[in-house]
Amino acid sequence: MSSAPTTAARGRVWALARGELTLLARNKAALTYALLLPGMLTYSMKTAVDSVDLKGTGLDPGTMLLPGSIGMALVMAVYMNLVGVYVIRREERVLKRLRAGELTDTEILAGAALPAVLLGLAQCVLLVTSVSVALEVPAPKAPYLAIAGIAVGLVQMVMLAAATAAFTKASESAQLTPVPMMMISMVGSGLFVPLEVMPDQVASVCELLPLTPVVDLVRAGWTGDMSAADALGALATALAWTVLAGWAVRKRFPWEPRR
């Protein structure tokens with residue numbers, strides 16, 4: 001008896017996700033952007049990573065670039081893509097119509113997010129394979145940390161996308177409002193410049209950024225040099241941002257076009 005509502009909810013989410021996946025597949029520009037841009041940026045950043053002095057950090061170009069590329073995939077394939085999805089569906093009054101049916105608010109947001117999450121996972125797999133082969137990166141020493149980092153990163157990006165969409169007034173702005181998050185993550189979350197080479201005060205601030213604990217966990221999956229206490233701290237920081245974003249969505253997310 002108790003499993004019936006769960007099964008029905010799962011079916012509603014998958015039905016909505018299939019519709020979104022169909023729309024994504026038809027949007028060749030968005031699909032190409034989400035699939036190719038993280039890889040292109042990773043390739044372009046290789047020269048910059050090679051020029052960084054990694055002595056004393058315990059890292060090499062491979063273990064520096066691979067987690068950074070995964071972070072870029074999470075930001076671009078999930079976060080930036082999903083902000084546009086939420087805003088456009090809201091402006092088209094799709095979300096308002098969905099709320100009039102059986103779907104709950106959580107199911108609507110989850111169903112719309114699922115294609116972007118699957119796209120992000122596919123991008124992570126492609127990047128792990130290609131970067132590992134190109135830079136001869138060894139197998140991860142603590143794969144459970146990398147898996148935990150990617151999992152919490154996916155959830156965090158979904159919630160941050162919904163929170164960003166809540167403050168995005170129109171679909172025309174959906175290309176601009178995610179940019180600060182992307183730029184801050186690229187510069188301060190250790191994607192391509194390790195926090196260890198930054199000044200201590202700057203690094204202390206950067207440690208609190210949303211994507212930093214995710215990248216740290218993924219990187220530790222390959223290096224295996226993160227203690228249990230540090231791993232729990234990173235998870236706590238990432239989850240704190242996720243909860244904060246969820247609170248903003250509950251309080252501020254508009255389900256119909258702004259007047």
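From the N terminus on, the elements of the protein chain run α-α-α-α-α-α-α-α-α-α. The model is predicted.

View 1. The chain has 259 residues, and buried residues make up 47% of them. Its accessible surface comes to about 13,000 Å². Carbon and sulfur atoms account for 65% of that surface. Of the contacts with a separation of 6 or more, 85% are between residues 24 or more positions apart.

**View 2. Helix α6 (143–166) and its cover.** How many of the 24 residues of α6 are buried? The count is 17, and the helix is mostly covered. The end C-alpha atoms of α6 are 35 Å apart. This agrees with the 34 Å that its 24 residues should span at 1.5 Å a residue.

**View 3. Helix α10, residues 228–252.** At 1.5 Å a residue, the 25 residues of α10 should span 36 Å, and the end C-alpha atoms are 36 Å apart, so the two values agree. The buried residues of α10 are A231, A234, A238, T242, A245, G246, A248 and V249. What covers these buried residues? The cover includes α5 (105–135), α6 (143–166) and α9 (212–223).

**View 4. The packing of α6 against α10.** Two packed helices are described by the angle between their axes and the distance between the axes. For α6 and α10, the axes come within 8 Å and cross at roughly 25°. An angle under 35 degrees counts as roughly parallel, and α6 is therefore roughly parallel to α10. The crossing in which α6 passes α10 is left-handed. On the α6 side, the residues that meet α10 are L145, V152, V155, Q156, M159, L160, A162, A163 and A166. Their partners in α10 are A231, L235, A238, L239, W241, T242, A245, G246, A248, V249 and R252. Several of these α10 residues are buried, among them A231, A238, T242 and A245.

**View 5. The packing of α6 against α9.** The axes of α6 and α9 are 6 Å apart, and the helices pack at an angle of about 160°. Are α6 and α9 roughly parallel or roughly antiparallel? They are roughly antiparallel, because angles over 145 degrees count as such. The crossing of α6 past α9 is left-handed. From α6, the residues P143, L145, A146, G149, I150, V152, G153 and Q156 take part. They meet V214, L217, V218, A220, G221 and W222 in α9. L145, V152 and Q156 of α6 meet α9, and these residues also meet α10.

**View 6. The packing of α5 against α6.** The axes of α5 and α6 come within 11 Å and cross at roughly 145°. The crossing is right-handed. Which residues make the contact? A113, V117 and L121 belong to α5, and I150, L154 and V158 belong to α6. Of these, I150 also meets α9.

**View 7. V83 in helix α3.** Is V83 buried or exposed? At 0% relative accessibility, V83 counts as buried. Leaving out residues up to four places away in sequence, V83 touches A161, T164, A165, T168, A174, T177 and P178. The C-alpha atoms of V83 and A162 are 6.4 Å apart, although 79 residues separate the two in sequence. A162 is also one of the α6 residues that meet α10.

**View 8. A240 in helix α10.** The relative accessible area of A240 is 46%, and A240 is therefore partly exposed. The C-alpha atoms of A240 and P210 are separated by 8.8 Å. Along the chain, A240 and P210 are 30 residues apart.

**View 9. R93 in the loop between α3 and α4.** The loop that holds R93 lies between α3 (61–91) and α4 (94–99). Most residues other than glycine have a negative phi. In R93, by contrast, phi is near 65°, a positive value. R93 has a relative accessibility of 37%, so this residue counts as partly exposed.

How values were computed: Residues are numbered from 1 along each chain as its sequence is written. This is a predicted model: local features need pLDDT of at least 70, side-chain atom pairs count only at pLDDT 80 or more; totals for chains, interfaces and linings use all residues. Side-chain values use heavy atoms; hydrogens and water are left out. Helices (H or I, at least four residues) and strands (E, at least two) are DSSP runs, numbered from the N terminus. Buried means under 20% relative accessible area, exposed over 50%, partly exposed in between (1.4 Å probe, protein chains only). The expected span of a helix is 1.5 Å times one less than its number of residues. Contact means heavy atoms within 4.5 Å. Accessible areas come from the Shrake-Rupley method with a 1.4 Å probe; for residues, only the protein chains shown count as cover. Axes are lines fitted to C-alpha atoms, for helices over the stretch in contact, and angles run from 0 to 180 degrees between N-to-C directions. Angles under 35 degrees count as roughly parallel, over 145 as roughly antiparallel, 65 to 115 as roughly perpendicular and the rest as oblique. A crossing is left-handed if the near helix is turned anticlockwise from the far one by less than a right angle, and right-handed if clockwise.
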